[in-house]
Amino acid sequence: MDDERYMQFALQLAELGRGQTSPNPLVGAVIVKDGAIVGQGAHLKAGGPHAEIHALRMAGDAARGATIYVTLEPCSHHGRTPPCADALIEAGVARVVFASLDPNPAVRGSGARRLRDAGVEVVEGVLASEAEHQNESFRVWVTEKRPFVIWKCAATLDGYIAADSGHSNYVTSEAARDSVQQLRSQVAAIAVGVETVLHDNPRLTVRTSAMGETISDQRQPLRVVFDSRLRTPITSDILSEPGETLIYTTDQGCRDAGPEYVSGLEKSGAAVVPITADEDGRVYLPEAFADLAGRGISSLLVEGGSTLVSSLIDRRLIDKVLYYVAPKFMRSGVRAMKGKPTARMAEALVLDRVTYQEVGPDLLVVGYPRYDEKPRWWLGRQ
């Protein structure tokens, strides 16, 4: 069908903004008249023109009587830019085909209603599942008021992420590490626990290659450290790299470290944010995530360590898993997660919608945790 063909092209256009639009969604638009594309556009930057506006500007007078294909319901509210639904009506577009409704409950369906009230033919739901998958981060951010959390892990075939000494350079191949650089460029923030900072001294930046020293000239994701006792060294590499660093700690962590230490971290470029402590004295992750969402962080890539990942799993806060498996055995070492002993395979947390990809000699497994099954070790958790 022509509708699906043009919508597929709009979805491809939307990808041009990946890594640049947060917290806004990815959106692509194509204007078609008499079987020919007369306008196209994508939302490329938060605060910049929406995809529909780019497409209308390209189409000019040809937009009158045309059909526009948009991957997300045209907006009907004033934000940083005027409503796109009004712009489409004013341009005289005859037909609007969009993939998915706006996930924001406050405005969902209002754009479609405004267009229909103005006499515009509206068709919705064309390639809806593809569009919803494309904007999975935005949907979690706008509906749950927290970032969409991706856990990236690199492990050996027998499940180790580092040697017993903590040495982990490198578990996977250069090809896999290069793909992680691309992944980093597509998220709003990258997070680790303080143990990873202490043992690995990571930079958490987007680089031109896995082995290269050159920092790319594009936007750097926000760096986030979860550090309940505030032990991040002032000399850490993350504090000397381009971009911003946010350290979540607790009030007790600030008191134990002392005001001079906190001041030293801030002078080194970090923002120290005290958060309520949970029952174990660690940063209460839901509160930290709400704070990140308020800062416009719609996606968070978690790269370690085992304590942080285990806490996120316990609280059902990991939305997606990217697990790189290297074809090697360690026989002993550091595991990716911590946990209580299990007795039955039914206690496992299952990944859904799993895909596999060869990356050099390594295997990348991608999936989404299926929390609805509630294994035994979830009982009593909130």
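UniProt positions are given here in the numbering of this structure, feature names are shortened, and annotations may be inferred rather than shown by experiment. This is a predicted model, in which local features need pLDDT of at least 70 and side-chain atom pairs count only at pLDDT 80 or more, while totals for chains, interfaces and linings use all residues. Residues are numbered from 1 along each chain as its sequence is written, and side-chain values use heavy atoms, with hydrogens and water left out.

**Stop 1: the binding-site residues**

Select Ala154, Thr196, Asp200, Ser228, Gly305, Ser306, Thr307, Leu308, Val309, Ser310 and Ser311, which an unreviewed UniProt entry lists under "binding site". These residues span 158 residues of sequence and are also spread in space, up to 24.8 Å between C-alpha atoms.

**Stop 2: alanine 154**

Go to alanine 154 in strand 6, residues 148–156. Helices (H or I, at least four residues) and strands (E, at least two) are DSSP runs, numbered from the N terminus. Is alanine 154 buried or exposed? Its relative accessibility is 18%, so alanine 154 counts as buried. Buried means under 20% relative accessible area, exposed over 50%, and partly exposed in between, using a 1.4 Å probe and protein chains only. Leaving aside neighbours within four places in sequence, alanine 154 is in contact with Tyr160, Ile161, Val171, Thr172 and Tyr324. Contact means heavy atoms within 4.5 Å.

**Stop 3: helix 12**

Now select helix 12, residues 306–314, where serine 306 is found. Serine 306 has a relative accessible area of 14% and is therefore buried. Apart from residues up to four places away in sequence, serine 306 touches Arg335, Ala336, Met337 and Lys338.

Leucine 308 is also placed in helix 12. It is buried, at a relative accessible area of 7%. What does leucine 308 touch, not counting residues up to four places away in sequence? The residues are Val192, Gly193, Phe226, Leu285 and Val302.

Serine 310 lies in helix 12 too, and its relative accessible area of 8% makes it buried. With neighbours within four places in sequence left aside, serine 310 is in contact with Met337 and Lys338.

**Stop 4: glutamate 52**

Move to Glu52, which UniProt lists for "active site" in an unreviewed entry. Glutamate 52 is in helix 2, residues 51–59. Because its relative accessibility is 3%, glutamate 52 counts as buried. Beyond neighbours within four places in sequence, its contacts are Val27, Ala29, Ile68, Val70, Leu72, Pro74, Cys75, Cys84 and Leu88.

**Stop 5: helices 3 and 4**

Show helix 3 (residues 84–91) together with helix 4 (residues 110–117): they pack at an angle of about 20°, with their axes 9 Å apart. Helix 3 is therefore roughly parallel to helix 4. Axes are lines fitted to C-alpha atoms, for helices over the stretch in contact, and angles run from 0 to 180 degrees between N-to-C directions. Angles under 35 degrees count as roughly parallel, over 145 as roughly antiparallel, 65 to 115 as roughly perpendicular and the rest as oblique.

To see where they meet, pick Ala85, Asp86, Leu88 and Ile89 in helix 3 and Gly111, Arg114 and Leu115 in helix 4.

In helix 4, select the buried residues Ser110, Gly111, Ala112 and Leu115. The buried residues of this helix pack against helix 3, strand 4 (95–100) and strand 5 (121–124).
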